[in-house]
Amino acid sequence: MSARRPLCTEDAGTVLARHQGLFDDSPFRRAATLAAPAGIFGLTIFAVWWLAIPFSQIGPGLASLGKFIALMFPPSSGGHLDLLVKAMGETLAIAFLGTLIATVAAFPISFLAAKNTTPHGVVRFVIRRGLDTIRGVDALIWALVFVGVVGLGPFAGILAIAISDTGALGKLFSEAIESTEERARESVLASGGTSLLAVRFGLLPQILPIIAGQILYYFESNVRSATIIGIVGAGGIGLQLSEQIRTYDFDQVAFAVMMILVTVAIIDWISSKLRFAIIGRRAVG
Amino acid sequence: MTSSLLSVPQARLEALLADYRREVGRQRRQSLLVLAILAILALIAGHVGEVDLNNLFQNISNFTSYFGRIIPKLTFAHFGADVADWYWDIRGWLKLLLDTVLIAYLGTLFGAAGAFMFAFFAAANLAPGNVMRWSIKRIFEFCRTVPDLVFALMFVSAFGLGPLAGILAIGIHSFGTLGKQFTEAIENIDMKPIEGVRSTGSRFVEIVRFGALPQVTSTFASYALLRFEINVRSGSVVGMVGAGGIGQDLFVAIRKFYYTDVSAILLMIIVCVAIIDLVTERIRHRLSGKDHSR
């Protein structure tokens with residue numbers, strides 16, 4: 001609107017000349033700034049070429065995707081609401097028991113895998129690599145294996161989640177143990193306590209709130225992954241979901257997805273309350 | 001000897017001790033209550049989840065013998081030939097593994113690009129409008145709660161078998177998770193640079209570019225790299241429903257009981273994920289180190 005009064009009486013050129021050093025980047029940094037996007041771009045081009053992505057499929061694919069979405073409304077239970085509720089219950093049971101068993105199994109293992117409580121470095125190394133291997137195999141593959149062992153049904157899902165989470169929780173617990181303060185343990189030992197008492201009164205109080213938070217987080221994420229392991233026949237709502245997608249019953253797909261969304265939201269809400277209660281109590285006490 | 005340390009009068013000491021016992025008793029009761037609730041929930045879940053320990057103990061030999069069978073026969077005398085026999089299709093598997101890594105790469109890239117564009121509109125401290133903020137957050141939530149395998153199944157139906165379905169499924173899932181993480185990273189930034197840029201009369205884009213972006217770039221890159229590693233893992237799974245990559249071969253090997261193939265492919269995936277884990281961890285450490293030095 002009106003001419004602004006210049007805040008700075010010097011022109012930009014003089015200021016720039018005076019503080020040239022602030023604006024000059026080292027050649028290495030400049031090269032890195034250029035190289036990173038160039039590398040990302042080059043790899044993208046290579047990936048598109050290597051995978052031979054059929055761009056001609058995108059148009060018709062989007063059209064049929066649009067059709068699927070149109071078929072989703074209105075969502076309907078297709079007359080087997082009881083079946084879906086039972087499957088959702090199975091999903092929750094798989095997540096809960098899987099997390100519980102994994103916790104019970106991972107807890108003692110983690111003491112062997114932590115640097116400050118392990119009986120020997122070799123034990124620690126072996127257990128760590130073992131946990132890494134278990135973790136490297138996806139829960140869905142464990143589910144396939146356990147379907148072969150105990151047959152179709154949610155029990156296979158429970159075992160799959162329990163095994164794959166033992167790997168993950170064992171690692172997280174042992175890291176929590178390693179990050180504890182040594183002094184509390186030492187003072188228990190100094191007052192004549194056994195090493196077991198030192199762990200109970202010097203270490204456990206430090207790690208309990210941390211691992212409780214991690215367990216809750218894994219329970220949440222297991223509810224999500226328990227919704228899919230049904231696809232390979234390991235119980236839960238995934239079986240219904242994959243059947244409905246294969247038979248193009250998209251109104252029922254939408255219904256099942258909405259059930260999952262609502263359940264996950266409720267679980268998240270409850271566990272965030274619980275987490276706050278645990279951390280809050282620690283902060284006060 | 002002890003009298004000099006314990007100069008508390010007897011009555012006071014007893015009161016303190018009673019208090020202590022009451023407090024310990026309260027905590028113990030609380031822990032017992034939690035344990036009881038957990039036990040009841042476990043019983044219910046065990047019933048719903050058809051837990052059958054008899055079945056497990058009877059068939060546990062299947063489980064152990066399964067691992068016995070997937071381990072290849074390697075003899076010291078013909079070690080080279082045995083390994084060659086074990087990895088009889090190494091060329092094909094390596095190609096498929098590269099497929100999986102590239103599917104994960106493109107999926108992560110698209111997810112990260114989308115999350116980057118939307119996260120600034122979803123962060124409480126920068127978002128121009130509350131309605132937009134709320135709806136973007138719900139979209140993020142939807143994309144990360146619906147399992148990527150469900151997206152993959154739908155996309156395979158829509159776009160046909162092949163990597164396109166896998167890229168889109170992984171991309172949408174990454175969009176949801178990265179969107180949430182990016183938003184939280186933006187909500188944690190220092191607001192002073194934002195105020196500085198805003199006071200010069202800048203528009204939204206300039207505020208984001210010069211006030212927020214320099215603070216979050218390395219965090220974003222770190223989250224995206226972590227997500228890439230996770231996506232390589234799940235990329236090997238979405239292949240199972242026909243969305244490209246090595247998952248299809250793994251699925252066939254498990255289902256048709258080609259035992260040594262299972263171990264060969266699994267080992268390749270584990271090693272590949274471990275390498276990517278190592279490399280991205282180094283880059284992430286360097287990124288966060290750069291953050292601290294500034």
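The questions and answers below concern a predicted model, in which local features need pLDDT of at least 70, side-chain atom pairs count only at pLDDT 80 or more, and totals for chains, interfaces and linings use all residues. Residues are numbered from 1 along each chain as its sequence is written, while chains are lettered from A and ligands numbered from 1 in the order in which they are written.

Reader: How far apart are the end C-alpha atoms of helix α3 of chain A?
Author: Helices are DSSP runs of H or I with at least four residues, numbered from the N terminus, and the expected span of a helix is 1.5 Å times one less than its number of residues. Because α3(A) has 24 residues (27–50), it should span 34 Å, which agrees with the distance between its end C-alpha atoms, 33 Å.

Reader: Is Tyr248(A) buried, partly exposed or exposed?
Author: Tyr248(A) sits in the loop between α11 and α12 of chain A, and has a positive phi of about 60° although it is not a glycine. A residue is buried if 20 or more other C-beta atoms, placed from the backbone, lie within 10 Å of its own, exposed if 12 or fewer, and partly exposed in between. Since Tyr248(A) has 13 other C-beta atoms within 10 Å, it is partly exposed.

Reader: Which helix gives the most to the side of chain A that touches chain B?
Author: Counting residues as in contact if their C-beta atoms, placed from the backbone, lie within 7 Å, the contact takes 45 residues from chain A and 43 residues from chain B. Several helices of chain A each supply at least two residues of that side, including α3 and α12 (250–284). The helix that gives the most, with 7 residues, is α5(A).

Key: Contact = placed C-beta atoms within 7 Å.
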